[in-house]
Amino acid sequence: MKLKCHKRFDLGGRRGLSRKIYVADVDGTNAASFELMCAAIGEDVQSAEGSGATALEEIRQIESGESAYIESDGNAWVTHITPDKVWFEGLYSQGEGGEVSFAQYKLAVETYIRFLVDPEKKPIEVDFPN
């Protein structure tokens with residue numbers, strides 16, 4: 001699987017705009033099991049300096065053992081972070097659950113922030129653990 005970050009583009013018709021972050025299965029289709037994670041990151045991490053810095057600090061607190069559980073409120077999501085797993089709760093009925101490993105979440109956040117700081121917003125694609 002691949003984690004991909006890119007500029008948004010029009011999907012055509014009435015389907016709206018693409019996500020800026022998503023996980024693609026080996027066949028190139030969107031990996032539905034990571035949809036809530038990507039939605040939460042894409043909607044709540046808006047800049048590297050503000051919300052991105054907060055997300056990285058929460059990851060650091062979990063890794064260092066300073067915190068064993070963080071409930072992180074964002075614009076549209078509540079992200080529940082533990083050393084083993086992360087899950088998501090939409091504030092506007094977008095869904096809840098979408099459990100991923102802490103390592104998967106950390107990789108997704110770090111990659112997305114790397115994308116956000118690039119002034120040219122060049123696409124990024126990294127291997128994503130299943």
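Guide: A residue is called buried when its relative accessible area is under 20%. Please keep in mind that the structure above is a predicted model.

Visitor: Which residues of H3 are buried, then?

Guide: The buried residues of helix H3 are Phe102, Gln104, Tyr105, Ala108, Val109, Thr111, Tyr112, Ile113, Phe115 and Leu116.

Visitor: Why might residues three or four places apart in a helix point the same way?

Guide: An α-helix has 3.6 residues a turn, so residues at that spacing face the same way.

Visitor: And what span should H3 have, and how far apart are its end C-alpha atoms?

Guide: Helix H3 covers residues 102-117, which is 16 residues. At 1.5 Å a residue it should span 22 Å, and its end C-alpha atoms are 23 Å apart, which agrees.

Visitor: Changing topic: how many salt bridges are in the whole structure?

Guide: A search of the whole structure finds seven salt bridges. One of them joins the side chains of glutamate 125 and lysine 4, at 3.6 Å from N to O.

Visitor: Which parts does that pair tie together?

Guide: Glutamate 125 belongs to strand E7 (residues 124-127) and lysine 4 to strand E1 (residues 2-5), so the pair ties together parts that are 121 residues apart in sequence. Glutamate 125 itself is partly exposed, with a relative accessible area of 47%.

Visitor: What about arginine 60; which residue does it form a salt bridge with?

Guide: Arginine 60 pairs with glutamate 66, and their closest N and O atoms are 3.0 Å apart. There is also a network of salt bridges that links Glu57, Arg60 and Glu66.

Visitor: Which residue does glutamate 120 form a salt bridge with?

Guide: Its partner is lysine 122, with the closest N and O atoms 3.8 Å apart. Glutamate 120 counts as exposed at 52% relative accessibility, whereas lysine 122 counts as partly exposed at 46%.

Visitor: One more topic: which residues form the negative surface patch?

Guide: That patch is formed by Glu71, Asp73, Glu89 and Glu96.

Visitor: Where is glutamate 96 found, and is it buried or exposed?

Guide: Glutamate 96 is found in strand E6, which covers residues 96-101. With 63% relative accessibility, glutamate 96 counts as exposed.

Conventions. Residues are numbered from 1 along each chain as its sequence is written. This is a predicted model: local features need pLDDT of at least 70, side-chain atom pairs count only at pLDDT 80 or more; totals for chains, interfaces and linings use all residues. Side-chain values use heavy atoms; hydrogens and water are left out. Patches are made of residues with over 30% relative accessible area and no salt bridge: like charges are joined within 9 Å, nonpolar side chains (Val, Leu, Ile, Met, Phe, Trp, Tyr) within 5 Å. Accessible areas come from the Shrake-Rupley method with a 1.4 Å probe; for residues, only the protein chains shown count as cover. A salt bridge is a side-chain nitrogen of Lys or Arg within 4 Å of a carboxyl oxygen of Asp or Glu. Lys and Arg count as positive and Asp and Glu as negative; His and the chain ends are not counted. The place of a charge is taken as NZ of Lys, CZ of Arg, CG of Asp or CD of Glu. Helices (H or I, at least four residues) and strands (E, at least two) are DSSP runs, numbered from the N terminus. Buried means under 20% relative accessible area, exposed over 50%, partly exposed in between (1.4 Å probe, protein chains only). The expected span of a helix is 1.5 Å times one less than its number of residues.
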